[in-house]
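Visitor: I am new to this structure and would like to learn how to read it. Could you walk me through it, one feature at a time?

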Amino acid sequence: MTPSRPYLLRGLYEWIVDNDLTPHLLVDAEADEVMAPVEFAEGGQLVLNVSPSAVRGLSLANDAVAFEARFGGVPQNVYVPVGHVLAIYARENGRGMIFTAEDGDGTPPDDGPGSGPGDSGGGR
């Protein structure tokens, strides 16, 4: 099967925005493929505000999340492969989803049939 993470990202993003909340992505800032302002990362993780008012040209594609945003007043292009998105959540209440390895690689989990796709809640 194809990975579920890009579909979950798009659905949760829409749900958060439809509820007038601020979507944030938690990404693995240490991955080589991630093009983002890693100087803002803490503990190897970077929180990105992806609200419609904070970014331009947001693309939530099957392979990557891409957009342009300002960091410290400087416009930058951001590119994060979907597999390096660790969570999506609403800033105001923390509701969203933390992703597991099973959400990103398209293979069945080691726990066997019936194991869930991820944990709900959290972010930072």
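Guide: Let us start with a hairpin: β3 and β4 form one, with three residues between them. Strands here are DSSP runs of E with at least two residues, helices are runs of H or I with at least four residues, and both are numbered from the N terminus. Two strands pair if DSSP finds at least two bridges between them. β3 and β4 (residues 64–71) pair in the antiparallel sense over four bridges. At one place V55 stands opposite A69 in β4.

Visitor: Before we go on, what kind of model is this?

Guide: This is a predicted model, in which local features need pLDDT of at least 70 and side-chain atom pairs count only at pLDDT 80 or more, while totals for chains, interfaces and linings use all residues. Residues are numbered from 1 along each chain as its sequence is written, and side-chain values use heavy atoms, with hydrogens and water left out.

Visitor: How many bridges join β4 to β5?

Guide: Eight bridges join these two antiparallel strands. E68, for example, has N77 in β5 as its bridge partner. β4 and β5 also form a hairpin, with two residues between them. In that turn, G72 has a positive phi of about 60 degrees.

Visitor: Which strands stand at the edges of the sheet?

Guide: The sheet is open and has three strands in the order β3-β4-β5, with antiparallel pairing. β3 (55–60) and β5 (74–81) are the edge strands; each has a single partner strand, so one side of each is left without a neighbour in the sheet. On average, neighbouring strands of this sheet are turned by 15 degrees against each other, direction ignored. For such angles, axes are lines fitted to C-alpha atoms, for helices over the stretch in contact, and angles run from 0 to 180 degrees between N-to-C directions.

Visitor: How do I read a pair of aromatic rings?

Guide: Such a pair is described by the distance of the centres and the angle of the planes. Rings of Phe, Tyr and Trp (its six-membered ring) pair if their centres lie within 6.5 Å; planes under 30 degrees apart count as stacked, over 60 as edge-to-face and the rest as tilted. This structure holds one aromatic pair. F40 and F71 form it, with 6.1 Å from centre to centre and 35 degrees between the planes, a tilted arrangement. F40 lies in the loop between β1 and β2 (45–49) and F71 in strand β4, so the pair ties together parts that are 31 residues apart in sequence.

Visitor: What does E92 touch, leaving out residues up to four places away in sequence?

Guide: Contact means heavy atoms within 4.5 Å. By that rule E92 touches L21 and T22. E92 is found in the loop between β6 (85–90) and β7 (96–99), and is partly exposed with a relative accessible area of 40%. E92 and L21 are 71 residues apart in sequence, yet 6.6 Å apart in space, C-alpha to C-alpha.

Visitor: Which side chains make polar contacts with the side chain of E92?

Guide: A polar contact is a pair of N or O atoms within 3.5 Å; within protein, one must be able to donate a hydrogen and the other to accept it, and residues adjacent in sequence count only if both atoms are side-chain atoms. The side chain of E92 makes such a contact with the side chain of T22 at 2.6 Å. Another, of 3.5 Å, joins the side chains of E92 and R91.

Visitor: Where is T22 found?

Guide: T22 is in the loop between α1 and β1 (23–28), and counts as buried at 10% relative accessibility. Beyond its neighbours within four places in sequence, T22 is in contact with several residues, including I16, N49 and Y89.

Visitor: And where does R5 lie?

Guide: R5 lies in helix α1 (residues 5–18) and is buried, with a relative accessible area of 4%. A polar atom of the R5 side chain lies 2.7 Å from the backbone oxygen of V85.

Visitor: How many helices and strands are there in the protein?

Guide: There are two helices and eight strands, running α-β-β-β-β-β-β-β-α-β from the N terminus on. Of the 124 residues, 35% count as buried.

Definitions and conventions
Buried means under 20% relative accessible area, exposed over 50%, partly exposed in between (1.4 Å probe, protein chains only).
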